Structure formats: structure tokens, C-alpha cells
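Morning, everyone. Have a look at the screen.

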Amino acid sequence: MTPAKKRILLVDDHAIVRYGIRELISKQPDLEVCGEAERASDALRAVQTLKPDLVITDISLNESSGVDLIRNIKSTAPDTAILVVSIHDDKMYGELALRAGASGYLMKEEAIENVLGAIRRILSGGIFVSERLAAALLQQQLRGAPEMASSPLDRLSDREKEVFHLLGQWKSSRQIAKELNLSIKTVEYYREQLKTKLNLKSASELVQYAVHVTGQIYGSSPKTESV
């Protein structure tokens, strides 16, 4: 008997991205797309009804953070594997996605070349990350717990790190609220928490520090946007 194809659910708010990945998968004898969703709420319902073997999702969705979606999928369907395919820099969001429960992180610019290999590696029980993300995670491991604990950034929650990274891209509270599906008041609360945990006195100091750290991660200063 021919083995059943592995079922994959695509979650992305850009139809062209879903189309491109679907076309790649449709040509594979061992894989099939069982459904698609634009919103996190639709994706959660689809996971329950379609029971996919793998979910491919973006980090940024219209109504929710992809990190929250990953957590929710793993809490309701822990055996479902998750691969993140995102435009966001993997050194910034890769660790957040993996900690939330994803088994891989792939940049969209690399998806055409690597998505099928990533899918098969994850479905076979492995982890897929880029070489630079693997190197960054290994470097953290080699540094050891004492040194890592000495950095105030390591004491931030995952949500605080998300807000911090977006501040580093010169995002306003309104923009961050929209991207993470939070209220502006909630984002302002996280900004106050960040100032306290990072021992910074003002909102401008927080933004400048976030921009500095984000620039180090990217290797250059991020593009300036209106705040």
C-alpha cells in the first residue's frame, strides 16, 4: 500500500505566499496541503478539524502574533509540528518561535530553496534552522548560564522581547499594538516594564537602546520609521 501523504496546513495572511508554498508541496508525492487560513482563530479551528501533521505559519498575522498561535497549537494539539516561514529576521524571532514550540524557522527569502527540506526534516522528528541561527543558539549555550543571566535582556518575557524588538525597528505603540493584536494601553504597559527591567529612565532611552541592540542583531541599523 502507498503510504498516506503527510498533511500540511498553511497559515499566512498573504495569498501569494500560500499559493507559492502550495504549488511546491502539490508536486511532492508524499505531501499535501489539507487546508489554508489567514487568521489565527481560523487556523486553530482548522488544526482541530483537519488534524494536520504540520502547520506552516508566519510570525505576523492580521489578528494575532504568530508566537501566540504556536503556543495555542501546542497546547491544544501537542503532536502537531510547526514550521515558521517569515519575513522577520530569524536571529530576532527564531528563538522566540522555537521556545514557543516551533520545530523550525525559515526566512521567506529562502523558502523556495529550503522549505521542502525543512518540512521533511521536521516531519522526521528533527529541527530546522538557518546556519546563522544555529550558530547564535550554540554561542548562547557555550557562554553558559552565569553569563547569560547577567544580561538584563535575558530576564525579559517572550512578549517583552517582541515589543522590544519592534521598538528597535522604530515602531510606534500603535504599530506594535496592531502587529501583536494588543491594545495600545497594553503596549504602553510593556514599555514601562521594559524601562524598569532594563533600568532606563525615559521612553527615548528605551527606544535608542532597542535600536542599538536591534542594529547589533541585524549587523546594521534598521531602517528608520516614524515613531
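Predicted model: local features only at pLDDT ≥ 70, side-chain atom pairs only at ≥ 80, totals over all residues.

Strand β1 covers residues 6-11 and strand β2 covers residues 31-37. They run parallel, joined by six bridges. How does the chain get from β1 to β2? It crosses through helix α1, residues 15-26. This β-α-β crossover is right-handed.

Now the other neighbour. Strand β3, residues 54-57, is joined to β1 by four bridges, and the two run parallel. In that pairing, V11 has T57 of β3 as its bridge partner.

Next, the sheet. In what order do the five strands stand? Read β2-β1-β3-β4-β5, an open sheet with parallel pairing. Strands β2 and β5 each have a single partner strand, so they stand at the edges, with one side left without a neighbour in the sheet. On average, neighbouring strands are turned by 25 degrees against each other, direction ignored.

Helices pack on this sheet. Helix α2, residues 40-50, touches β1, β2 and β3. Its direction makes about 165 degrees with that of β1. Helix α5, residues 111-123, lies across β1, β2, β3, β4 and β5. It runs at about 165 degrees to β4.

Last stop: two helices against each other. Helices α8 and α9 pack at about 130 degrees, with axes 10 Å apart. That angle makes α8 oblique to α9. Their crossing is right-handed. Among the contact residues are V163 of α8 and I176 of α9. By class, the contact has five nonpolar, no polar and three charged residues.

Technical notes: Residues numbered from 1 in each chain as written. Heavy atoms only, no water. Axes fitted to C-alpha atoms, helices over the stretch in contact; angles between N-to-C directions. Parallel < 35°, antiparallel > 145°, perpendicular 65-115°, else oblique. Left-handed = near helix turned anticlockwise from the far one by under 90°. Contact = heavy atoms within 4.5 Å. Nonpolar A, V, L, I, M, F, W, Y, C, P; charged D, E, K, R; others polar. Pairing = 2+ DSSP bridges. Right-handed = clockwise from strand over helix to strand, strands pointing away.
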